[in-house]
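Here's a quick tour of a few packing details. Have the sequence and the fold open as you read.

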Amino acid sequence: MTRKLTEVTELKNDCRSATSWQRVTAAFNSWRTRRHEHAPPTGDTESPAPEPVPGANTPAASTLWRMRTTVKDEPGSLASLCTALAEHRVDILSLQTHPLAEGTVDEFLLRAPGELPASGIATAVRTAGGTDTWIERADAHDLVDAPTRVLGLAARTALDAAELPLALRQLLGRCTIRSQPSPAGGGRASDGVPVEGALDDTVMRLRAPEGGVITVERPYLPFTPTEFARARALVELDARLGPRVPHGRDVLTLAEGSDITVRRADTRDLETARAMHERCSERTLRLRYHGPVRDADRYLNHLLSPRFGRTLAVQTASGRLVGLGHLLWDGDETEVAVLVEDAWQRRGVGGELLGRLVAMAAEGGCRSVYAVTQASNTGMVAAMRGLGLPLDYQVEEGTLVITARLGESVSTGAGELGSASAS
């Protein structure tokens with residue numbers, strides 16, 4: 001459950017529950033603080049090992065690098081840089097230029113000898129006149145040229161409104177994306193952001209299609225005007241197309257013989273989702289939301305919104321909603337959450353939802369997902385273990401955070417429910 005949702009629910013509890021809520025919130029925020037303490041790597045010391053480069057004799061024969069450097073906007077500056085790289089047997093696979101008011105930011109995809117470290121490349125670039133050089137390891141996915149990658153992201157965004165945060169993240173690299181909804185009453189959360197957006201070094205702010213603000217931060221590397229224009233174009237495309245969710249659905253037969261339908265859901269399912277909450281027991285709601293829940297109106301609209309993630313719904317043959325699964329974009333992290341109506345628990349519904357959500361996260365390029373629950377929620381613990389993925393557990397004052405690392409593929413039918421593969 002994200003921090004905002006925790007705060008909303010906390011307001012709904014009585015004084016006795018608030019004390020428990022404060023402990024849960026403090027523990028969860030302490031865990032989040034530790035997860036966000038580390039900064040992205042600035043060199044090759046913390047970067048993951050590169051994938052094998054196509055055409056190389058062995059995986060260690062060469063290494064792919066992504067590099068940015070600022071050069072003077074004058075004849076011969078780029079040629080000097082290319083000559084310096086060639087002297088170290090570094091092959092330039094692609095080059096993009098980002099014009100600035102003074103100078104140009106050149107973005108390279110390089111293939112270098114395996115024994116040449118990032119520091120050696122940076123030194124050669126600095127000697128040739130490059131400044132503000134940034135370098136990190138790349139992999140085979142970076143071999144796709146920029147126009148093809150941008151067109152693929154635009155196509156994904158056009159098919160599914162929930163793709164916008166993921167598309168922005170894949171367009172801009174490691175960054176934190178947060179959405180601020182418009183104020184209650186239909187006002188616009190302008191907060192000083194003009195219609196065309198605002199760019200300030202490592203932070204860009206864009207007017208969200210529904211009236212809020214999308215904030216994108218990348219502290220380790222300033223955004224260029226070219227990147228800002230690309231991001232703004234994706235947001236404008238999303239706004240022009242309006243609300244949309246893929247209509248695919250799967251009909252499954254549970255082990256005990258009942259048929260269920262799994263499909264994507266959005267805010268149009270608000271009434272049926274509220275009705276399901278009313279049928280759930282207090283214990284079921286407490287395990288899902290970590291405290292008593294008396295009013296779903298204030299957070300269900302957020303959970304069902306494709307702007308903040310993806311939602312899967314489970315329906316019976318009669319059309320009754322009996323389960324909800326949420327994949328939430330929580331800044332630079334991804335949360336999974338599942339709620340199953342009491343009468344349908346322990347039939348495999350929760351495990352089915354969780355597996356599909358994790359598959360969606362993996363296909364969206366997420367490296368891990370986490371679930372926040374209570375240590376007594378044995379059903380959720382079992383469902384996470386059933387994924388067959390490496391798990392990390394953290395327990396503080398009854399709050400259990402389970403993180404699954406998505407290093408292995410998850411076999412489900414999530415692709416048939418509108419989840420696009422990563423480009």
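What follows covers a helix pair, a sheet with its helix, and the cysteines, all in a predicted model.

## The H5-H6 pair

Let's start with two helices, H5 (residues 146-159) and H6 (residues 164-172), whose axes sit 9 Å apart at an angle of about 170 degrees. With the cut-off for roughly antiparallel at over 145 degrees, H5 therefore counts as roughly antiparallel to H6.

Which residues make the contact? On the H5 side you'll find Arg149, Val150, Leu153, Arg156 and Thr157, and these meet Leu164, Leu166, Ala167, Gln170 and Leu171 of H6. Sorted by type, the residues of the H5 with H6 contact are six nonpolar, two polar and two charged.

Next comes an open sheet of four strands, ordered S5-S8-S7-S6 and paired antiparallel. S5 (176-180) and S6 (198-200) are the edge strands: each has a single partner strand, so one side of each has no neighbour in the sheet. On average, and ignoring direction, neighbouring strands here are turned by 15 degrees against each other.

Zooming in on one pairing, S6 and S7 (residues 203-207) run antiparallel over three bridges, and Asp200 is opposite Val203 in S7. Helix H7 (residues 225-241) packs on this sheet, where it touches S6, S7 and S8 (213-217). The direction of H7 makes about 25 degrees with that of S7.

## Cysteines

How many disulfides are there? The count is zero, going by cysteine sulfur pairs within 2.5 Å. As for accessibility, Cys175 is buried at a relative accessible area of 6%, and Cys280 is buried too, at 8%.

Methods. Residues numbered from 1 in each chain as written. Predicted model: local features only at pLDDT ≥ 70, side-chain atom pairs only at ≥ 80, totals over all residues. Heavy atoms only, no water. Buried < 20%, exposed > 50% of the residue type's maximum accessible area, 1.4 Å probe, protein only. Axes fitted to C-alpha atoms, helices over the stretch in contact; angles between N-to-C directions. Parallel < 35°, antiparallel > 145°, perpendicular 65-115°, else oblique. Contact = heavy atoms within 4.5 Å. Nonpolar A, V, L, I, M, F, W, Y, C, P; charged D, E, K, R; others polar. Pairing = 2+ DSSP bridges.
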